[in-house]
Amino acid sequence: MKKSIFILMILIGCIASTDAQVTVFAGGGSTLGDGGPATAASISGTQGVCSDGAGNVYVMQAGGGRVRKITPAGIISTVAGHGASGFSGDGGPATAATFSAYGLSCDLAGNLYIGDWNNNRVRRVDAATGIITTIAGNGVGSTSGDGGPATAAGISRPIGAAADYAGNVFISEYSGGRIRRVDAATGIITTVATGISSPCQIVADNLGNVFVASQSGGRKLRPQTIDRNTCIINGFRRLRGDESNK
């Protein structure tokens, strides 16, 4: 099966893919370009990239206050934001909303998870309806609220947010130095890892593993074992005796 690696070229505002050779497949144009070829569109301040189960690629355009979607046919459109920074739009179309974000991830169904950095919230864009909502954070930059509703909790500068195979959402708190988890069934938030140096982007695989990039290097968290006998090693929780979590 052919796999591509997507490379963000932040300074020149384009995105390249590689499967043995590097090719630019989005960016480099001078206009917004929605509805046309992605290679003719302008993409500024690219910060996050992800792909869904259908092969669509999504790009966080932090410099332009938008999330862009590129189809397998190479057509680009805006699926969230309209070019301004701020906090607005919950409960309505994501394309009418504002956010101030860096991190972006998506699940296989195409639901988007936005780390709304300046607003201390995590937002979700529903793939079926295009509606944006806040799923974690009350706007206060703190590490409070564990054991209660995620939307009532304080979150300190979230960059990344990623859903696992069961729909649980993991949040990397850059300023809080920790990973939080929002339970898919209850909406309750808890802390599952602490002492991480400025965690930023976060992804989850279909086995339930969660991978975090931080200033101290990459870490792997196994959420299916996090509530068992754990300890803190190199700033990350690991199941005692389980060397695979290094």
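Asn 119 counts as buried, because its relative accessibility is 13% and the cut-off for buried is under 20%. The model that shows this is a predicted one. Asn 119 is placed in the loop between β9 and β10. Leaving aside residues up to four places away in sequence, Asn 119 touches Gly 86, Phe 87, Phe 99, Ser 100 and Gly 139.

Arg 121 lies over the face of Phe 87, and the distance to the ring centre is 3.9 Å.

Are the two partners buried or exposed? Trp 117 counts as buried, at 16% relative accessibility, whereas Tyr 102 is partly exposed, with a relative accessible area of 35%. Ring pairs also bring in Tyr 174, which forms a cluster with Tyr 102 and Trp 117.

The largest nonpolar core has 15 residues, and Val 67, Leu 104 and Ile 114 touch the most other members. At least two residues of this core come from each of β5 (57–61), β8 and β9. What does Leu 104 touch, not counting residues up to four places away in sequence? Its contacts include Val 67 and Ile 114, and also Gly 48, Val 49, Cys 50, Tyr 58 and Gln 201. Tyr 113 is another residue that Leu 104 touches, but Tyr 113 belongs to a second, separate core. That core has 13 residues, among them Ala 150, Ala 153 and Ile 171.

The protein chain as a whole can now be described. Its secondary structure comes to 0 helices and 20 strands. Of its 246 residues, 47% are buried. Among contacts with a separation of 6 or more, 35% are between residues 24 or more positions apart. The chain exposes about 10700 Å², and carbon and sulfur atoms supply 52% of that area.

Technical notes
Residues numbered from 1 in each chain as written. Predicted model: local features only at pLDDT ≥ 70, side-chain atom pairs only at ≥ 80, totals over all residues. Heavy atoms only, no water. Buried < 20%, exposed > 50% of the residue type's maximum accessible area, 1.4 Å probe, protein only. Phe/Tyr/Trp six-rings, centres within 6.5 Å; stacked < 30°, edge-to-face > 60°. Lys NZ or Arg CZ within 6 Å of the ring centre and 35° of its normal. Helix = DSSP H or I, 4+ residues; strand = E, 2+ residues; numbered from the N terminus. Contact = heavy atoms within 4.5 Å. Areas by Shrake-Rupley, 256 points an atom, 1.4 Å probe, with all protein chains shown as cover. Core = buried A, V, L, I, M, F, W, Y, C linked by side-chain atoms within 4.5 Å.
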